[in-house]
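The report below goes from the chain as a whole to a few individual residues. Please keep the sequence and the model in view while reading.

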Amino acid sequence: MTKAGMRTLLAASAMIASASTIGQVSVTNAWVRGTVPGQTSSGAFMELKSSGGAALLGVDSPVAGTVEIHEMKMDGNVMRMRAAPRIELPAGKAVELKPGGYHVMLMQLKRQLKAGETVPIRLRVEGKDKAVTSVDVRAEVRDPTGAPKHGH
């Protein structure tokens, strides 16, 4: 394969890794915080948008033994994290899963997550009609600080 062909293939792969749409839910900017050797958990972050309204019910990934939706919020003067049973996705409004707010916790990691890799994540989404569908996402692994890789 030529260098130009390889660049085109890599660019197409990056687009697939960062954006996914199934049915009425789109996913953009999906990324996972990289880990150091021996680390057993990490967070996954992304932006979700539903054209007709939906709810995120659950998440799975083959890289972790347990995957949960979590919420961080202030309780008095203490930031607390707890599992969230679902996240509502109002019609037409972006819902950001980000550090310090709603996010996906990947626990009991099966291996180190290294910057530049991609992690498969499957979202379980319930539509307004109560039908549950899956959305497959490929999230880019960033370095442990969460900074995007810039190829330097």
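Contact here means heavy atoms within 4.5 Å. Among contacts in the chain between residues at least 6 apart in sequence, 66% join residues at least 24 apart. This is a predicted model, in which local features need pLDDT of at least 70 and side-chain atom pairs count only at pLDDT 80 or more, whereas totals for chains, interfaces and linings use all residues. Residues are numbered from 1 along each chain as its sequence is written, and side-chain values use heavy atoms, with hydrogens and water left out.

The chain comprises 1 helix and 11 strands (DSSP runs, H or I of at least four residues for helices and E of at least two for strands, numbered from the N terminus). Of its 152 residues, 34% count as buried (under 20% relative accessible area; exposed is over 50% and partly exposed lies in between, with a 1.4 Å probe and protein chains only).

Histidine 70 lies in strand β5, residues 64-75, and is buried at a relative accessible area of 7%. Its side chain makes a polar contact of 2.7 Å with the side chain of glutamate 68 (a pair of N or O atoms within 3.5 Å, one able to donate a hydrogen and the other to accept it; residues adjacent in sequence count only if both atoms are side-chain atoms). Not counting residues up to four places away in sequence, histidine 70 touches residues including Met81, Tyr102 and Met107.

Glutamine 108 is placed in strand β9, residues 103-109, while lysine 130 is found in the loop between β10 (118-127) and β11 (132-142).
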